[in-house]
Amino acid sequence: MSTAIVLFTRDLRVHDHAALTAATTQYEQVIPLFVLDEELLRAASTPNRVSFLLGSLRALRASLRELGGDLVVRRGDPVDEALRVAHATGAGSIVVGDDASAYAQRRLRRLERACERERICLRVEDTVAAAPLGEPVPAERDHYRRFTPYWRRWRETPLPALVDAPARVVLPPGLDVGALPHESGTSRPPSPRLRGGESAGRSRLERWLRDGVHGYDEARSLLAADGTSRLSPYLHFGCVSAREAVERARARGPAAAEFVRQLCWRDFFLQLLRANPATASADLRHRDVVWCEDDEAFARWETGRTGVPIVDAAMRQLRREGWLHNRGRLIVASFLTRTLGLDWRLGAEVFLELLVDGDVASNAGNWQWVAGTGADSRPNRAFNPLRQAKRFDPGGAYVRRHVPELGDVGDAFVHEPWRAPKAYRPDGYPAPLVDPVHGPRRGGRRKGRRAARA
C-alpha cells in the first residue's frame, strides 16, 4: 500500500492542514509524525511553553484517533527520525509544512537532501501563514520591508481555499506510536487562559469572533481589559489555522477589519524573516547608536523592579503568565531600548524565553520595530511610559493587579508613586531606576550577553 509521512512542526491541528489533507487524499496509509526536537526543547524550555506544547500534542493525538489514526511521536533530530520511520514503514513520501526561521529553513534543506539521497518524494505545503510565505511580493524585489504597502497588496490577494479535516486517517499496522512525555516534574500548568490544543483554540476563535472582535478597535489597547483575542499561542503552534482566522474574521465585515490587519502583521514578519534570516539577532537596518552596558538596569527591567509601575506590571505579568498584551510589549520594549538605552536583543531573548507565543519572526520584527532598526518608517519614535500608563491604564487597575505593593496607592499617584507624599509612598517598592521620561542614556556597547536565538 502507498504510504506517506506527514511531519508536523508548527501546525498542530487537523482542520485546514494542507499537508495532512494532501497526504490522506493521495496515499492509502498516512503516518502523522511529530518529533520532539531536542535542540528546540532546550531553546524553549520555559514551563508555560512546554506545557502548552504538550497540551497541544495531546489534543492532536486525540483528534487523529477520532479519525482512525494516531500521532506517532519520536524524540531526536526531526530529519533523522522521519527517515527512520520511512525506512521502517516503506513510506515513499514525506509531506511537511513550510516555515520562515533560519532553523526551519536549515531543517527543510537537510530534509530535501536526505529525501533526494534516499529517493523519497518530499512535498512542502503552506501550513503556518495565512498567505503563502513567498506571496505577495513587490515588483522590484523579493519581499516587502514596509508594512503599509504589504498590507495593501496582502488584503487584495486571494488566499488559498480552506480545506476540511480529512474524513479518515489510516496508519500502517503494527507501528509503535510512541508516548508523549508527562508534564509532571518538567513544567507547571500555564494560565488557564492558555490551555493548548486545537479544540481550545477553535473554541477561543469562535467566542472571539462572536463576542469580542466587534469592540476590538476600541478596547485592544486598554491594559486592564480583556480586549484582545489571546489567539497568539494557538497561531504560533498552529492549533488554529491563520488562514481560517483571517477568512472567518473577514466574514464578520468592517467590524473585524482591525483584527484582520493585526493578523496581516504576523504574515508580514514571517516573510521579512524568511528573506532576512539573520534579523532574528542582527539589525535589519543599521542605526548609528551605541547601546549601554548596565547589568543592574537589565536585571531590574527583566524582573519588574524598575520603579516605573507600568513597566514592572507588564514584566511581572509576562513572567507569571507567559503572555503579555501587545501594548504592554511595546511599553517595556521602548523602556529597555529608548529609556535605558539597552540592546534590543537582550529584550528579545527574554521574550523568547518567557512567552508561550514566542515566535521568532514576530518577536524579532516587533523588537526591531521599537528599537528603530527594523521595518518602522519612523525609526526615532519612542513611547513615553507615563503617558502610555495614563492613557491605557487610566485608573491603575492593571498596575494594581500585577504590582501588589501599589494596591493601596491612590489613582493620582499609582503610576508615579515617587510623587506621593512621603507618608503615603508604598513600602518595598523601589524608586525609579532612571527618569522614565527623559532618557535615553548612552554608554559603551554591551558585551557578553547571548544574542536572541535564530
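**Close-up views of a predicted model**

**View 1. Buried residues of helix α1.** In α1, the residues Ala-18, Ala-19, Leu-20, Thr-21, Ala-22 and Ala-23 are buried (under 20% relative accessible area, with a 1.4 Å probe and protein chains only; exposed means over 50%, and partly exposed lies in between). Helices are DSSP runs of H or I with at least four residues, strands are runs of E with at least two, and both are numbered from the N terminus. The buried residues of α1 pack against the strands β1, β2 (29-37), β4 (93-97) and β5, and also against the helix α3 (47-66); contact means heavy atoms within 4.5 Å.

The model is predicted: local features need pLDDT of at least 70, side-chain atom pairs count only at pLDDT 80 or more, and totals for chains, interfaces and linings use all residues. Residues are numbered from 1 along each chain as its sequence is written, and side-chain values use heavy atoms, with hydrogens and water left out.

**View 2. Asp-16 in the loop between β1 and α1.** This loop joins the view of β1 (3-8) to that of α1 (18-26). Asp-16 has a positive phi of about 45°, although Asp-16 is not a glycine. Asp-16 is buried, with a relative accessible area of 5%.

**View 3. Arg-119 in the loop between α5 and β5.** Arg-119 is not a glycine, yet has a positive phi of about 60°. Arg-119 is exposed, its relative accessible area being 81%.

**View 4. The cis peptide bond between Glu-135 and Pro-136.** The omega of this bond is about -15°. Pro-136 lies in the loop between β5 (121-125) and α6 (147-156).
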